Amino acid sequence: MMMVMKICRMILFVDTSVKIGVYLIGVMIGSIICDLFLVPKIYMAERRNPLNQYFIKFGWGWTFTFIGAYLGLTCLVYCCGDLRRMSQHFLRLVVGTFWWYACTSLFTHVETIMGICTASVHGDKNSCLEAGKSWLGFDISGHVFLEIHCLLIISEEVKTFKEWSKLGTILEDENLKDRRNLSEEEIGQARMNYKTLTPYIKGLIVCLTIILVLFEFMLLISTIYRFHTLSQKVTASFVAVICWFMSYQVFYRSGNPFPFMPVMPGTSPLQFMRNN
């Protein structure tokens with residue numbers, strides 16, 4: 001198990017800014033290769049392959065479910081069972097869902113208004129498709145956006161596990177009540193949850209590592225095969241990065257005084273995260 005967790009840490013804890021650079025450059029280079037060379041078709045590049053049908057199409061659902069489970073277990077520990085504090089962490093999933101829904105809806109709208117039919121008599125997309133013609137629009141890649149969106153959220157949310165051992169050391173401190181201004185009940189609850197839930201949290205870390213690797217593999221497939229043009233894939237990539245930046249670099253770090261607003265991962269009265 002120690003070896004498995006070491007591998008998971010190596011995969012998950014690459015700095016997010018490094019990952020962004022790799023994803024953006026990778027999408028650009030992969031798209032150029034796709035445009036310049038005939039890349040041999042493989043089964044995983046088919047639209048009906050199992051990963052596309054059951055993983056990517058429900059990609060945000062998989063991310064929401066496993067990150068939600070991870071947040072639920074970890075927050076029970078570092079929020080000391082305080083439901084108000086826990087709700088502030090779960091609100092990040094609401095924001096992530098908003099970005100996913102708003103951006104994919106926007107992409108559909110852009111394709112509709114920025115396109116023409118192969119038969120000029122049909123001026124809108126619906127009538128064009130009903131007539132059996134093709135609609136040529138600026139189809140921003142929803143797959144590339146979803147994959148990078150989920151990858152960045154997973155990368156940010158699992159950062160709390162990087163400091164998990166440090167949290168355990170903090171909870172063992174005999175003077176924790178005075179150092180962190182917590183009640184004996186809160187400290188006792190956190191200590192008990194840490195010992196009880198850590199094995200399950202490790203199991204979720206393994207699952208999230210697998211999900212992250214699958215998303216990265218499918219991002220590679222989406223990039224090097226001719227599903228979208230270079231500009232459509234690059235636009236989707238930058239939109240996903242902007243959503244991440246607005247959330248994790250601006251909104252969650254704003255020190256919002258309202259009690260039911262999302263906060264950075266690991267925000268806790270136990271103060272175990274380096275950046276919080």
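Trainee: How do you know that the span of H7 agrees with 1.5 Å a residue?

Mentor: Set the two values side by side. The expected span of a helix is 1.5 Å times one less than its number of residues. H7 has 16 residues, so it should span 22 Å. Its end C-alpha atoms are 22 Å apart, which agrees. Keep in mind that this is a predicted model, where local features need pLDDT of at least 70, side-chain atom pairs count only at pLDDT 80 or more, and totals for chains, interfaces and linings use all residues. Residues are numbered from 1 along each chain as its sequence is written, and side-chain values use heavy atoms, with hydrogens and water left out.

Trainee: What makes a stretch a helix or a strand here?

Mentor: Both are DSSP runs, numbered from the N terminus: a helix is H or I with at least four residues, a strand is E with at least two. The chain has twelve helices and two strands. From the N terminus, the order is α-α-α-α-α-β-α-β-α-α-α-α-α-α.

Trainee: What makes H7 a mostly covered helix?

Mentor: Count its buried residues. Buried means under 20% relative accessible area, exposed means over 50%, and partly exposed is in between (1.4 Å probe, protein chains only). In H7, 14 of the 16 residues are buried. For the chain, buried residues make up 45% of 276.

Trainee: How do you know whether the span of H12 agrees or disagrees with its 22 residues?

Mentor: Use the rule again. H12 covers residues 230–251 and should span 32 Å. Its end C-alpha atoms are 30 Å apart, which agrees.

Trainee: Where is the kink in H12, and what angle is meant?

Mentor: The kink is centred on Phe 245 and comes to about 25°. The bend at a residue is the angle between two fitted axes: one for the seven residues ending there, one for the seven starting there.

Trainee: Which elements do the buried residues of H12 pack against?

Mentor: The partners are helix H2 (16–36), helix H5 (83–113), strand E2 (135–137), helix H7 (142–157) and helix H11 (184–224). Among the buried residues of H12 are Val 234, Val 239, Cys 243, Trp 244 and Tyr 248.

Trainee: What class does Asp 139 fall in, and why?

Mentor: At 28% relative accessible area, Asp 139 is partly exposed. Asp 139 is in the loop between E2 and H7.

Trainee: What about the phi of Gln 271?

Mentor: Gln 271 has a positive phi of about 50° and is not a glycine. Gln 271 lies in the segment after H12. At 48% relative accessibility, Gln 271 counts as partly exposed.

Trainee: What share of the contacts links residues 24 or more positions apart?

Mentor: The share is 78%, taken over contacts with a separation of 6 or more. The C-alpha trace spans about 75 × 40 × 30 Å along its principal axes.

Terms used
Contact means heavy atoms within 4.5 Å.
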